[in-house]
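Hi,

Here is the structure you asked about.

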Amino acid sequence: MTDRSDMTNGKAKLPAGELQELLDLSADYGEAVATAVQAALDEPLDTTRATRLYTRVLHLLRGSGGGGLSAADRARIAEEVRAEVATIVASVPRPTTRGTLKFVEWNGLEERPVLPVPTFNDKPIPMQEGYVLVDDLKLWAGNHRLELHVAEFRERNNREPSDDELVKLMQGAIHLPSLGKTDPFKLSPLAESIARKGVERPPIVTHDGVPKDGNRRIAASLLVLHGKDFTDEQKERARHIRVWRAPMGTTDDQFDAVVVALNFESDHKEEWAEYIKARLVVEQYDARREALRGRVTTADIKRIKTDVAKRFGIKLPRVTRYIEMVRWAEDFEAFHVTGGRDPAEVRYKTDEHFQWFYEIDAGKGEEKLTRKLDTDDQLKKIVYEMMFDLLDSGAQVRNLHQVIADADAAQMLTKAYEMMHSAPEDALELVDESIALAKRKSVKRRSVGFDQFLKTMVDRFGATPPDQWNHVDSQLLLDVKRVFQAQLGAIEGQIAMRASGEPVE
């Protein structure tokens, strides 16, 4: 039974003299130690546990030798105090249900303290972790990501959005004119990730379940749970979400520390380069394909790609793209190593410009540069050597298929190749000019094609009997009317301008 005479606002306290000694000693050791001690003083413990904790903290401070400590010593003492707070707090029995947020057992995890005690901007905040049902969580309208959207909703509707409307705002189901996006918070890729492996970083919620960090993860989980494109297994994975819950009485300053620490401080994670991801994907694809015996069918290839996509958590088209990119990257490396270049230099160059091996496949059908590289060794020599020694952007590589499709532009490209070592700046300028020329001619070719399209359309419409329109979808009829009305003004303007004798571009 707790002795209420030793409690203040539900917190056990020491005699005034010892409490003052705690505060005085901790102040001598710097802010980190003082913060850790304050966390101990703030813990709502019964008298027995509080006395044990405060006695241990006093012992740590008294035995530390005074104010002549190094920064490392101060940090050590602060960490020892935090650890002692965590150990004592963890020994307090805590009910599974508190307030309006219920923890549920899932994946063998029941509610438990988060250890070590999390620290945000030097503020330790003891928390409980466990699984809750995502439908029981309500988004935080004060989240800074939502601030502008909530303000616009309020201005347009003269009221605050409801809980359901907050979710729809994040999911893009409620359209705001200023957004102009169907997925304003990029929830779709996050939802795909959650469907595969659940929410990995637990949202941090108040004692009543309001998320101070994790609005996107919660909204994306709801997208999976109530979406049509996910399996029952994926929905169950999204339904249960592990959270960290702050204790009752956590102050606004402490929550501010959480928000700032998690959104301003970088975790310094460096993403893998694209070439690393691509090579790992292709290694898996090749290994699975080589494991097949007998004839490999198109269905086999699709199944292998699908399995590889699931393994790495990416879309199937990305697997196909990586396979093509690695194929051309390896061809590029082999060309230059065989030609006598240093293998290490070639590998670094290939990795540095790996994205170019996606751009090199631009175009359609027989227009693709890669189709011609497979059959024209001289063209491959020009392109690969310019990619190594001259070109400086993926955009240039992407437009090469247009250049080689036009004789004049291709001649300029060959000239640039011949002078790239003697006058590299002039050669690079000539490459850009060849691209500009090819684009201008491409526009003219498209114009000729448009003329033919219009002629065909006029012939088709002229021969269409009136009753043919009876079978056309109503929305399509409205779209046709809208497009015709929009273009009629441009047509009439051209006719009037030509009748007046004005020059036409």
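Which residues gather in a patch of negative charge on the surface? They are Asp392, Glu425, Asp426, Glu429, Asp432 and Glu433. (Patch residues have over 30% relative accessible area and no salt bridge, and like charges are joined within 9 Å; Asp and Glu count as negative; areas come from the Shrake-Rupley method with a 1.4 Å probe.) Asp392 sits in the loop between α17 (377-389) and α18 (394-404), with helices being DSSP runs (H or I) of at least four residues.

Before you go further: this is a predicted model, where local features need pLDDT of at least 70 and side-chain atom pairs pLDDT 80 or more, while totals for chains, interfaces and linings use all residues. Numbering starts from 1 along each chain as its sequence is written, and side-chain values use heavy atoms, leaving out hydrogens and water.

Now the salt bridges, meaning a Lys or Arg side-chain nitrogen within 4 Å of an Asp or Glu carboxyl oxygen. The whole structure has 24 of them. In one, the closest N and O atoms of Glu333 and Arg279 are 3.2 Å apart. Glu333 is in helix α13 (residues 316-338) and Arg279 in helix α11 (residues 274-290), so this pair ties together parts 54 residues apart in sequence. Glu333 counts as buried at 16% relative accessibility (buried is under 20%, exposed over 50%, partly exposed in between), whereas Arg279 is partly exposed at 22%.

Asp331 also pairs with Lys380, at 3.0 Å between the closest N and O atoms. Asp331 lies in α13 and Lys380 in α17, so parts 49 residues apart in sequence are tied together.

Cheers

Key:
Patches are made of residues with over 30% relative accessible area and no salt bridge: like charges are joined within 9 Å, nonpolar side chains (Val, Leu, Ile, Met, Phe, Trp, Tyr) within 5 Å. The place of a charge is taken as NZ of Lys, CZ of Arg, CG of Asp or CD of Glu. Helices (H or I, at least four residues) and strands (E, at least two) are DSSP runs, numbered from the N terminus. Buried means under 20% relative accessible area, exposed over 50%, partly exposed in between (1.4 Å probe, protein chains only).
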